[in-house]
Amino acid sequence: MRWQHGPGSSTIAGREAQLRGLEDVYILRPPAEVRRFLNTQPELIDFLLDAYAQLQSHFGPGVQAALEVVRDPEVENSEKLFAYILSPLPVDEALARLDALDEDWFLDQLDRVGGRFNFNLQFV
């Protein structure tokens, strides 16, 4: 799934449309907190839309992922966005797929996310 990012995508209306697109493919936990974070880091929106195709490639077309803002209470300005991949797979298989996602794609994206995003697994 790929969204068009035109000249109007930097507008508030364009950003809202992109956020709605994210809500079509990700679970936002809680939605207001994730939206607030993404409004301060709008470049992550395009990244997340691109990342979903990679999640499908590595975890299957029915993959679900939840976005959540995480803070380290001991470090000021430590907010990061995590995409928790909701996996019913056995632990070893899920970890192997996460490692493959890192090696095949995510490690090449680190400059793009600037330390503000990471993937993790959540077993369901």
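The following conversation walks through a predicted model of one protein.

Student: What should I know before I start?
Tutor: This is a predicted model in which local features need pLDDT of at least 70 and side-chain atom pairs count only at pLDDT 80 or more, while totals for chains, interfaces and linings use all residues. Residues are numbered from 1 along each chain as its sequence is written, and side-chain values use heavy atoms, with hydrogens and water left out.

Student: How many helices and strands does the protein have?
Tutor: There are 5 helices and 4 strands. Helices (H or I, at least four residues) and strands (E, at least two) are DSSP runs, numbered from the N terminus. Along the sequence, the pattern is α-β-α-α-β-β-α-α-β. The radius of gyration is 14 Å, close to the 14 Å that the globule rule gives for 124 residues, so the protein is as compact as a globular protein of that length. That radius is taken over C-alpha atoms, and the rule is 2.2 Å times the number of residues to the power 0.38.

Student: Which residues have the most contacts inside the largest nonpolar core?
Tutor: They are Y26, L38, L55, F117 and F119, in a core of 33 residues. Elements giving two or more residues to this core include α1 (12–25), α2 (31–40), α3 (43–59) and α4 (91–104). The largest share, 9 residues, comes from α3. A nonpolar core is a set of buried Ala, Val, Leu, Ile, Met, Phe, Trp, Tyr and Cys residues joined through side-chain atoms within 4.5 Å. Buried means under 20% relative accessible area, exposed over 50%, and partly exposed in between (1.4 Å probe, protein chains only).

Student: What is L38 in contact with?
Tutor: Leaving aside neighbours within four places in sequence, L38 is in contact with L19, L22, L44, I45, L48 and L81. Contact means heavy atoms within 4.5 Å. L38 is also one of the buried residues of α2, along with V34 and F37. These cover an arc of only 95 degrees around the axis, which puts them on the same side of α2. The arc is that of the directions from the helix axis to the C-beta atoms.

Student: Which residues of α4 are buried?
Tutor: The buried residues of α4 are A94, L98 and L101. Seen down the axis, they fall within an arc of 55 degrees, so they line one face of the helix. Their cover includes α3, β3 and β4. The face turned away from the buried side carries the exposed residues D92, E103 and D104.

Student: On to the loop between β2 and β3: is S78 buried or exposed?
Tutor: S78, which is found in that loop, is buried, with a relative accessible area of 18%. Its side chain reaches the backbone nitrogen of D72 at 2.8 Å and the backbone oxygen of V75 at 3.0 Å. Both are polar contacts: pairs of N or O atoms within 3.5 Å where, within protein, one must be able to donate a hydrogen and the other to accept it, and residues adjacent in sequence count only if both atoms are side-chain atoms.

Student: And is N77 buried or exposed?
Tutor: N77, in the loop between β2 and β3, counts as exposed at 73% relative accessibility. N77 has a positive phi of about 55 degrees although it is not a glycine.

Student: Which peptide bond is cis?
Tutor: The bond from R29 to P30 is cis, with omega near -25 degrees. P30 is found in the loop between β1 and α2. Most residues other than glycine have a negative phi, and most peptide bonds are trans.
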